[in-house]
Amino acid sequence: MQTSSQRFITPKLRAGVQYFRHGEEHHLDYRQQGVILYFNPKDNSLDHFLNDLIQGGYSVTQLKTNNPQINEEIDEIIEQLDNHYLLTESHFEPIIDTLSGEQFSRQLQRYTRAWHAKLGTSALFSAMREGTFTRSQLIGFAIEYYHIVKMAPSIIAPAMSHKVPEPIFQGIKNLFLEEHDHETMLLEALEAIGIDGNKVKHTTPLPATFSVYCTLGTFARQHLLSFISALFLFEEPYPEFNDAFISSCQKVGLPDAFWKPIVGHSAVNETAGHHLITDELLCHLSAISAEETQVTLIHILTLLETMKIWDAQVCESYQSELNLRIYQ
């Protein structure tokens, strides 16, 4: 996607582009594609301009100065040549301020801890700790958590389409295989309190639930570094939350068969080492640019804010009654 009005700083014809002139036709061919530019045969200004592009090293401003006869047409010609993939940059600025994957992982952990502190404790955790939760909120949490777990394979699958180092591909593939069918644990938990599993399958997730797994799925398809960086948020165990959840379930009479599969899914993540997956995958990246670092950190902050909204929406939606949100 073009994000700047200036396509190149110092444009140059790609290596391998063949150029020749036949009358008023200027042929530029590259492999099995090319373009023909038409110009006045008595005027050699386009020849001079194309020779400058063959040599390279001139900025767009310098190209216009060197070729005043076609000054106004140069931007349009550059655009046309670029649309046919015939141009590249003459010089690329050296990449500075890069981080190794391990360095970035440490920075990610620091920033995430700081953002967690700034965003504050989740609404459900606060309610459980303060004793203001409701039975329907605990059940509602399980239902919305079910939707996220159910979507896990579909979220992870696009990440395997990227060209990455083999250990990263294998790590993502293993995660896909291990997450497959885990939603059955959540269905068993809900069936243990008399909720029909088939009905749960037809429930509509809350808007924030949808936003959480769609955000992660978008990262998996479009920005793999952000996807890898976000995995630990879903896979690491939260023992304090689990303890509060167990205690809260017991207070309102929800049986062990309800909360054990939910807490058990967290235990599976820890036993299988899922909570370390972000660190394990990032260590295979030798260099991450400052720009990629910034983009990824912004994405993770956005996801954390979305997860904060999700938690609050669960509490609000299931405050007083259990709404299965089944629409026919």
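**Figure 1. Contacts of Phe258 in the predicted model.** Leaving aside residues up to four places away in sequence, Phe258 touches Leu138, Ile139, Ala142, Ala189, Leu190, Ala192, Ile193, Phe245 and Cys249; a contact means heavy atoms within 4.5 Å. Residues are numbered from 1 along each chain as its sequence is written, and side-chain values use heavy atoms, with hydrogens and water left out. Because the model is predicted, local features need pLDDT of at least 70 and side-chain atom pairs count only at pLDDT 80 or more, while totals for chains, interfaces and linings use all residues.

**Figure 2. The two nonpolar cores.** A nonpolar core is a set of buried Ala, Val, Leu, Ile, Met, Phe, Trp, Tyr and Cys residues joined through side-chain atoms within 4.5 Å. Buried stands for under 20% relative accessible area, exposed for over 50%, and partly exposed for values in between, with a 1.4 Å probe and protein chains only. The largest core has 70 residues, of which Met128, Phe227, Phe245, Phe258 and Ile262 touch the most other members. Helix H6, residues 135–156, gives the most to this core, with 11 residues. Another core lies apart from it and has 20 residues, among them Val35, Leu53, Val60 and Ile77. In soluble globular proteins, nonpolar side chains tend to be buried together.

**Figure 3. Helix H5 and its cover.** Helices (H or I, at least four residues) and strands (E, at least two) are DSSP runs, numbered from the N terminus. H5 covers residues 123–130, and its buried residues include Leu124, Phe125, Ser126, Ala127 and Met128. Among the elements that cover the buried residues of H5 are H6, helix H12 (239–251) and helix H15 (290–317).

**Figure 4. Helix H1 and the glycine after it.** In H1, residues 45–55, the buried residues are Ser45, Leu46, Asp47, Phe49, Leu50, Asp52 and Leu53. Gly56 follows H1 and has a positive phi, near 75 degrees.

**Figure 5. Asp82 in helix H3.** Asp82 is placed in H3, which runs over residues 74–83. Is Asp82 buried or exposed? Asp82 counts as buried because its relative accessibility is 17%. Its contacts are Arg7, Phe8 and Leu87, not counting residues up to four places away in sequence.

**Figure 6. Two loop residues with positive phi.** Most residues other than glycine have a negative phi. Tyr85, which is not a glycine, has a positive phi of about 60 degrees. Tyr85 belongs to the loop between H3 and strand E5 (87–89), and it is exposed because its relative accessible area is 54%. Asp181 also has a positive phi, near 75 degrees, and is a residue other than glycine. The loop that holds Asp181 lies between helix H7 (166–179) and helix H8 (183–191). With a relative accessibility of 41%, Asp181 counts as partly exposed.

**Figure 7. The chain around these views.** The secondary structure of the chain consists of 15 helices and 5 strands. Of its 328 residues, 44% count as buried. The C-alpha trace spans about 90 × 45 × 35 Å along its principal axes.
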